[in-house]
Amino acid sequence: MRISRQKIAALAVGVLLSSATVVSGAQAADSAGTRYDAAMIGALATSLGVSEQAAVERLDREAGQQRTLSSLERQGVATDGSFFNAKGELVVNTDNAKASREVEGAGLRARTVRHGENELNEVKAALDDAALGRTPTGVSSWEVDLAADTVTVKVSDSDSASARAFLDKARSYGDAVRVLSGQPDLAPQATIKPGAEMAFNGFVCSVGYGARDSAGRQYLVTAGHCIEDLPVLSYQGTRFAQGTNSRFALGSRSVDMGIARLDAGNTISTVVGTYGRATEPTVLGSRRAASGSTLCKSGRTTFWTCGRVNSYNVTVTYSDPNGGPNTVVTGLASSSVCTQGGDSGGAYISGNQAQGMTSGGPSSQRCNGSVNAPGSSYFQPLDDALTHYGLTLNTA
């Protein structure tokens, strides 16, 4: 992708590559008045099939057993790893009869094992070194499994030469290693908030909105100029999507909309990031806000900035500071929201209704860092993009 395609300016208006992230979460007391997060207690109770009070009591018991173990270790009792069994009992590996008696006497369950945590960690480290030398394609994972007293190796496909070499190394440790075949392939997974930074070919933009087609396939809806050459997109250094369509072409009459197909396991959140500057709004729809409505935008450069919708059906001329051809872009909306380079593609929202993605703004514009920084920008209306590509917005 040519650099000039990322530095286009509108009228004297510069394209703003954009993105945003954030997260906020509050700690809450549960109904029993404990220090545990209420949402966590509810989820634990559901997964265990018990009441919330019983879930709290289980957490308390686990914490108490771990304090007991810590006390024993401070007293010099020899242990070699521990884990909770299905009954919620802390099982402690011990090296000798004396240590077992001390563990049992403190109310914990003692177990004598063939290998133990220290030996298994050494085996695991040797396998890590082997994988760094030659990536074992088809080997999904390997881990110290204290309950099984093994390093457990999970394999999806053992046909590659690198996998066979790795498994030969693993099996050389005898029963300290357990190999499980027929395991699924693994891939990075991320839930990415609208407004978060996304990178491609040495450039950055901001994440727009998630949507799906009639078959349920997931897409990112973004500014067309961000994915003009249909690049691979990454989030925090890991690939998450591939550009599939863009209506932007430098030097040609364009519409600044485009979509990227999300890789399996990745999703775009239905909560817009605000970079800690406001309560994060939940996306409930994409009803177009009337001119004069208030709206805010999330982007990786200017974060969370707010203003009003000015007009729809706006056409601009984007010029290229590097001497490339001008580009006429139609179908935009204008606003008093301040944006800068890197914000392009970022999410505009009015209340709980998603509005669009940053397209551009004055090339010399510098926002002052405040939420209501004075300025202006242009955005691609989301509803038009959804209609054109036949997609349905993902909502909470």
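**Salt bridges**

I began with Glu197, which is partly exposed at a relative accessible area of 34% (buried is under 20% relative accessible area, exposed over 50%, partly exposed in between; 1.4 Å probe, protein chains only). Ground rules for myself: this is a predicted model, where local features need pLDDT of at least 70, side-chain atom pairs count only at pLDDT 80 or more, and totals for chains, interfaces and linings use all residues. Residues are numbered from 1 along each chain as its sequence is written, and side-chain values use heavy atoms, with hydrogens and water left out.

Who does Glu197 pair with? I found its side chain in a salt bridge with Arg300, 2.8 Å from N to O (a side-chain nitrogen of Lys or Arg within 4 Å of a carboxyl oxygen of Asp or Glu). Arg300 sits in the loop between β19 (294-299) and β20 (303-319) while Glu197 is in strand β10 (residues 197-200), so this pair ties together parts 103 residues apart in sequence. For the record, helices (H or I, at least four residues) and strands (E, at least two) are DSSP runs, numbered from the N terminus. Arg300 is partly exposed too, with a relative accessible area of 28%.

Next I checked Glu62 and Arg58, whose side chains meet in a salt bridge at 3.3 Å, N to O. Both lie in helix α2 (residues 52-74), four residues apart, about one turn of the helix. Glu62 is buried, at 18% relative accessible area.

Then I looked at Asp213 and Arg217, a salt bridge at 2.8 Å, N to O. Asp213 is buried at 14%, whereas Arg217 is partly exposed at 37%. I also noted a network: Arg288, Asp383 and Asp384 are joined by salt bridges that share partners. My count of salt bridges comes to 12.

**The β6-β7-β8 sheet**

I moved on to an open sheet of three strands, order β6-β7-β8, with mixed pairing (strands pair if DSSP finds at least two bridges between them). β6 (139-145) and β8 (177-180) are the edges, each with a single partner strand, so one side of each has no neighbour in the sheet. Neighbouring strands are turned by 20° against each other on average, direction ignored (axes are lines fitted to C-alpha atoms, for helices over the stretch in contact; angles run from 0 to 180 degrees between N-to-C directions).

β7 (residues 150-155) runs parallel to β8, joined by four bridges. I spotted Lys154 opposite Leu180 in β8.
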